[in-house]
Amino acid sequence: MLAEERREKILKELEEVKVLKALELAEKYQVGVETIRRDFDALEKQGSLKKIYGGATLPEKKEVKNLDYSTRMTSEVSEKTEIAKKTVRLIEEYDTIFLNDSSTNIYLAKEIKENIKNLTVITNSLTIASELSDVKDFNIIVAGGFLDNKEKAFFGAVSENIISQFIVNKAILSVSSISLKDGLTDFPLKEVDIQKAMIKYSKEIIILANSQKFETTALIKVGDLHNIKTVVTDSKINNEILEKYKKHGIKII
């Protein structure tokens, strides 16, 4: 058995039993204890497990905090700008797109304004709608509902109902967290409901997530990764994470 295959089996077993002993694994796979320890070293380095005395356990989940609007707009600006410049290349003239309310998508809106013509944008973000409102070749549709003054965005059943009236080419969504185990997660619930609606009525889903969001988990499940075509991130992404997602068939730009 190849080391890579054995390590995948170790991780699957670890998810079930939570703690594994090196000696027991050595006997199971008919290899030396030192071989298993090297497996543990490699898996710990990529963040998949945590070594303990005589064995290994699952790593502690990295939880993320829900930052307010003004904080999000002024944090990780270079990463968000880089992501926006990459993402705009995935948008074509005459596309119809969903943009959820997010600071990253606000930076994307600025790039769209400068680089794309003849576009239909459906968004629940008041800021994004305002940013794009003076482009004469754009059709801007606001998924209006209950306005959250702090977030400068609309939420609720009315917003979700408006979103459900369209089938778009692409949903371009920013999320708080992404991981192979937990998928896409975010908070609060009203944000997640908008994201789920946009995913449901889109032919293609593009996820925006800066490198710090990978292998973290937020409070509420948005969706799994199996129907995600592309994830756009910044150049600070860890190469080992890139390889892990590539093996799972997820394209990261």
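Student: Where is the place of Asn 100?
Tutor: This is a predicted model. In it, Asn 100 sits in the loop between strand E4 (96-99) and helix H6 (103-115).

Student: Buried or exposed? I mean Asn 100.
Tutor: Buried. Its relative accessibility is 1%, and buried means under 20%.

Student: Which side chain does the Asn 100 side chain make a polar contact with?
Tutor: The side chain of Asn 105, at 2.8 Å.

Student: And what else does Asn 100 touch?
Tutor: Leaving out residues up to four places away in sequence, Asn 100 touches Asn 105, Asn 124, Ile 128, Ile 172, Leu 173, Ser 174, Gln 195 and Met 198.

Student: Switching to the sheet. What is the strand order?
Tutor: E6-E5-E4-E9-E12-E14-E15. That is seven strands in an open sheet, with parallel pairing.

Student: Which strands stand at the edges?
Tutor: Strand E6 (138-142) and strand E15 (251-252). Each has a single partner strand, so one side of each has no neighbour in the sheet.

Student: How many bridges pair E12 and E14?
Tutor: Three, in the parallel sense. E12 covers residues 202-208 and E14 covers residues 230-232.

Student: Which residue in E14 stands opposite Ile 206?
Tutor: Thr 230.

Student: Which strands does helix H5 lie across?
Tutor: Strand E9 (168-174), E12 and E14. Helix H5 spans residues 77-87 and runs at about 140° to E14.

Student: New topic. Where is Gly 183?
Tutor: In strand E11, residues 183-186. Gly 183 counts as buried, at 3% relative accessibility.

Student: What does Gly 183 touch?
Tutor: Ser 177, Ile 178, Lys 221, Gly 223 and Leu 225, again not counting residues up to four places away in sequence.

Student: How many residues apart in sequence are Gly 183 and Glu 215?
Tutor: 32. In space they are 9.0 Å apart, C-alpha to C-alpha.

Student: Now pockets. How much space lies in the largest pocket?
Tutor: About 1100 Å³. The largest pocket is lined by 33 residues.

Student: Which of those lie nearest its centre?
Tutor: Leu 11, Gln 46, Ser 48, Leu 180 and Lys 244.

Student: Which elements give two or more residues to the lining?
Tutor: Helix H1 (3-17), helix H3 (33-45) and helix H10 (239-247).

Student: And where does the largest share of the lining come from?
Tutor: From H1, with seven residues.

Terms used: Residues are numbered from 1 along each chain as its sequence is written. This is a predicted model: local features need pLDDT of at least 70, side-chain atom pairs count only at pLDDT 80 or more; totals for chains, interfaces and linings use all residues. Side-chain values use heavy atoms; hydrogens and water are left out. Helices (H or I, at least four residues) and strands (E, at least two) are DSSP runs, numbered from the N terminus. Buried means under 20% relative accessible area, exposed over 50%, partly exposed in between (1.4 Å probe, protein chains only). A polar contact is a pair of N or O atoms within 3.5 Å; within protein, one must be able to donate a hydrogen and the other to accept it, and residues adjacent in sequence count only if both atoms are side-chain atoms. Contact means heavy atoms within 4.5 Å. Two strands pair if DSSP finds at least two bridges between them. Axes are lines fitted to C-alpha atoms, for helices over the stretch in contact, and angles run from 0 to 180 degrees between N-to-C directions. On a 1 Å grid over the protein atoms alone, a cavity is a set of points where a 1.4 Å probe fits but cannot get out, and a pocket is an open set with protein on both sides within 12 Å along at least five of seven lines; lining residues have an atom within 4 Å of a point. Grid points are joined across faces, edges and corners, and a volume is the space filled by probe spheres set on the points.
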